[in-house]
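Here is a short briefing for modelling work. It takes the ligand site to begin with, then backbone angles, then selected residues.

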Amino acid sequence: MSQLANKVALVTGGSRGIGAAIAKRLAADGASVAITYAKDASAASAVVKAIELDGGRAIAIQADAADVGAVKGAVEKTFATFGRLDVLVNNAGTAIPKTFEETTLEEMDRVIDINVRGTLAATQAALKYMKSGGRIIMTGSAVGERVLTPGLVAYSATKGAVKMFAQGLSREVGSRGITVNNVQPGPIDTDLNPAAGDWAVPQKAATALDRYGHVEEVAALVAFVAGPESSYITGANLTVDGGMNA
Ligand code: NDP
């Protein structure tokens, strides 16, 4: 169970939802974990406490993904605290569900800044510290490949960008023994996409399993990609969507 013993992971947006489950799972697998958050310090410290209660090591860092200086600072603080950086999970992300024509340019900028620019900035900063065996993992989205419902035009464009970023970067860092992969969740029950929300009915209906996914089901795939058994997987888009894109 300690496949990540002596490894250090940074999970952006790790205080709630999918990121919190990823942070807890990587810690359970033996990694020391840093998480970032934007606003909710108490949720972030609850994740840190839960990991510590289980015997793990964790820290929380306030760093808005839209603020490049803060993102770089989070990478540097992770390295300064734990002395290395092996796994970066670019998970912080947001959606502003609206039709494209109703979405303002400011709203589009916000989604692009967090989902794409923040991901690029964190990755560039992390690569300075990563050695052979390193893992860069994106939380992309199944809608980065196929969009089955309206209201997610700008969001799906950002997740398509994340997908191509992972594919392209895998070509540049493969010779250093670093893998880059894009985990693409389908509808997962979180504050961002509640299974009981207005937008849930068509999403659930579009899955082959006829249900929303749980955050732990995404974390299990991320843990595999973060671990040593995924050593020959890179530049891949790995979908965990209950068959939504089947
Ligand atoms: P949640 O809204 O439940 O959680 C978001 C997390 O990210 C929180 O920890 C939040 O912290 C943090 N966060 C939000 N904005 C920022 C920011 N600007 N800078 C740093 N941290 C931030 O979302 P999910 O768990 O549902 O989503 C996580 C990722 O998964 C996103 O990239 C999303 O696009 C992706 N995804 C989600 C799906 C779903 O159905 N839920 C499906 C496919 C992909 P704080 O509270 O402090 O802001």
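Glycine 13 has a backbone N or O atom 3.3 Å from an oxygen atom of the ligand. That is a polar contact, meaning a pair of N or O atoms within 3.5 Å; within protein, one must be able to donate a hydrogen and the other to accept it, and residues adjacent in sequence count only if both atoms are side-chain atoms. This is a predicted model: local features need pLDDT of at least 70, side-chain atom pairs count only at pLDDT 80 or more, and totals for chains, interfaces and linings use all residues. Residues are numbered from 1 along each chain as its sequence is written, and side-chain values use heavy atoms, with hydrogens and water left out.

**Ligand site**

- For isoleucine 18, a backbone N or O atom lies 2.8 Å from a ligand oxygen atom.
- For alanine 38, the distance from a backbone N or O atom to an oxygen atom of the ligand is 3.0 Å.
- The ligand taken alone exposes 900 Å², and the protein buries 95% of that. Accessible areas come from the Shrake-Rupley method with a 1.4 Å probe; for residues, only the protein chains shown count as cover.
- The largest pocket holds the ligand. A pocket is an open set of points on a 1 Å grid over the protein atoms alone, where a 1.4 Å probe fits, with protein on both sides within 12 Å along at least five of seven lines. A molecule sits in a pocket if more than half of its atoms lie within 2 Å of its grid points.
- Helix 1 (17-28), helix 4 (105-127) and helix 5 (153-173) are the elements that each give two or more residues to the shell around the ligand. Helices (H or I, at least four residues) and strands (E, at least two) are DSSP runs, numbered from the N terminus.
- There are 31 residues around the ligand, and Ser15, Lys39, Ala65, Tyr155 and Thr190 come nearest. A residue counts as near if one of its heavy atoms lies within 4 Å of the molecule.
- The shell has 12 nonpolar, 12 polar and 7 charged residues. Ala, Val, Leu, Ile, Met, Phe, Trp, Tyr, Cys and Pro count as nonpolar, Asp, Glu, Lys and Arg as charged, and the others, Gly among them, as polar.

**Positive phi outside glycine**

- Asparagine 6 has a phi near 70°, a positive value in a residue other than glycine. Asparagine 6 belongs to the segment before strand 1 (8-11).
- Asparagine 6 is exposed, at 66% relative accessible area. Buried means under 20% relative accessible area, exposed over 50%, and partly exposed in between (1.4 Å probe, protein chains only).
- Aspartate 210 also has a positive phi, near 55°. Aspartate 210 sits in the loop between helix 6 (200-206) and helix 7 (215-226), and is partly exposed at 45%.

**Side-chain contacts in loops**

- Asparagine 193 lies in the loop between strand 6 (179-185) and helix 6. Asparagine 193 is buried at 16% relative accessibility.
- The side chains of asparagine 193 and glutamine 203 make a polar contact at 2.9 Å.
- Threonine 207 is in the loop between helix 6 and helix 7. Threonine 207 is buried, with a relative accessible area of 7%.
- The threonine 207 side chain reaches the backbone nitrogen of arginine 211 at 3.1 Å.

Key: 1 Å grid on protein atoms, 1.4 Å probe; cavity = no way out; pocket = protein on both sides within 12 Å on 5 of 7 lines; lining within 4 Å.
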